[in-house]
Amino acid sequence: MKMLFKREKYLKKIRPFYDAEDIIKVITGIRRCGKSSLMQTVAEELLDRGVHPDNIIYLDLDSRKYRKIKNADQLETLIESKIKNDACNYLFIDEVQNVTGFEEVVNAFRTDGGFSIFITGSNSYLLSGELITKLTGRYLEFELFTLSYDEYLQFKQFYQKTVNPNPAVEFNRYILDGGFPRAVAIDDDRAKQAYVTGIIQEIFEKDIRRRVKIKDTAAFDAVRDYLINNFGATTSIKSLTEALVKNGIKITRATVSKYVQALMDAKILYECNRFDMKSKKSLAGAKKYYLADLSLYFSRNTGNRINYGPVLENIVYLYARSLDYAISVGRIGKLECDFIFRSPAGDYSYMQVAYTILLSRETEEREYRPLEEIRDNYTKYVGTTDYVLQKRNGIRHINLIDHMATCQVF
């Protein structure tokens, strides 16, 4: 059996529910981020804990032997054929969206008891209205992201890949490679790019085109490419529509909104809302969009020039999300705070992100001023790649590379 890299930050979230028969464990995330491997790791941990193999039912509905399982009755019959005894069974269903009406089957086994159920599948299906309607209050979502920087380093060490001793060089490699596990395992750069390009095509064909009625593929591609190429920029549906129309794309604001939602449902993009810190209200209109993985950008662009502003923001955003932080962009008068974090425990913190603040006084002022305007006692950070760290008005200046490499919280 192939040794699997254990993604501990996610496993520790799921472990308390391994034996929960009343809650369906739903693992979501962009395609190829490692959902199947995570579920296999859970099954391995159960075996190591002493669960008998007969009581682990693992169904990969993408595999050839199960390709004819297409409806609810066939799925139910298949599961029943795998039951060996009356002990608690652990039911794992991978790519469950391949079965029409799977929700009723999964919920029926949950209702009858004797099963701890884990499922993964395409996000555009798993997060659809049907699942929410039929299983409300009966499932927990565990969102999986591509490898964060700490995981990236651990992954390379686990599979005996060379890690550059210079942290800055290795961090740049991470930026260009991204965090799709299979891509990190590929040594050839062209092959990495081809792999990620294939993921984008697969998502479009399987998760978007089959679910969303796209009449004008060129218009959809224009929306997708604009948002991928302008990740981290403040964008509104109105401004995006106007930019596309100006470039000769005939498209309505409603259609743009539908396409953006489809990209978010497929987990290609994440939406980050803006929050006015004086009125304590969310701001309508403009938002920031971050990529599920930076390789989605670099695989589509021939140059390797790194624009560290949005790149660092994107990495920090995903890293914080992997730690279950709620995130928004803050506005303080005319100033903007890159991130407001709320931890799972309900504590807040604030962060400004920049490549460096050491080259000019103007840059230093730009990064510190918004944080100095915030009148509360929550922790405030300036996160950079600098190794010479400053102290100013109680604001913590941290090196992002070291901070994330050692999986520290904000």
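**Figure 1. Helix H4 and the glycine that follows it.** Just after helix H4 in this predicted model, Gly 113 takes a positive phi of about 85 degrees. Helix H4 itself covers residues 102-112, and its buried residues are Phe 102, Glu 103, Val 105, Val 106, Asn 107, Phe 109 and Arg 110. An α-helix has 3.6 residues a turn, so residues three or four places apart point the same way.

Figure 2. Strand E1 is formed by residues 24-28, and because five of its five residues are buried, the strand is largely enclosed by the rest of the structure. In a regular strand the side chains alternate between the two faces of the sheet. In E1 both faces are covered, with Ile 24, Val 26 and Thr 28 buried on one side, and Lys 25 and Ile 27 buried on the other.

**Figure 3. The partner strands of E1.** Strand E5 (residues 139-143) runs parallel to E1 and is joined to it by five bridges, and within this pairing the bridge partner of Ile 27 is Phe 142 of E5. Strand E4 (residues 115-120) also pairs with E1 in the parallel sense, here over three bridges, and Phe 118 in E4 stands opposite Lys 25.

**Figure 4. The packing of helices H11 and H13.** Two packed helices are described by the angle between their axes and the distance between the axes. For helix H11 (residues 217-229) and helix H13 (residues 253-265), the angle is about 60 degrees and the axes lie 10 Å apart, which means that H11 is oblique to H13. The crossing of these two helices is right-handed. On the H11 side, the contact is made by Ala 219, Phe 220, Val 223, Arg 224 and Leu 227, while H13 contributes Val 256, Tyr 259, Val 260 and Leu 263. Of the residues in this contact, eight are nonpolar and one is charged, and none is polar.

**Figure 5**

**Figure 6. The pairing of E11 with E12.** Within the sheet, strand E11 (residues 348-353) and strand E12 (residues 379-384) run parallel and are joined by five bridges. In this pairing, Val 353 stands opposite Gly 383 in E12.

Notes
Residues numbered from 1 in each chain as written. Predicted model: local features only at pLDDT ≥ 70, side-chain atom pairs only at ≥ 80, totals over all residues. Heavy atoms only, no water. Axes fitted to C-alpha atoms, helices over the stretch in contact; angles between N-to-C directions. Helix = DSSP H or I, 4+ residues; strand = E, 2+ residues; numbered from the N terminus. Parallel < 35°, antiparallel > 145°, perpendicular 65-115°, else oblique. Left-handed = near helix turned anticlockwise from the far one by under 90°. Contact = heavy atoms within 4.5 Å. Nonpolar A, V, L, I, M, F, W, Y, C, P; charged D, E, K, R; others polar. Buried < 20%, exposed > 50% of the residue type's maximum accessible area, 1.4 Å probe, protein only. Pairing = 2+ DSSP bridges.
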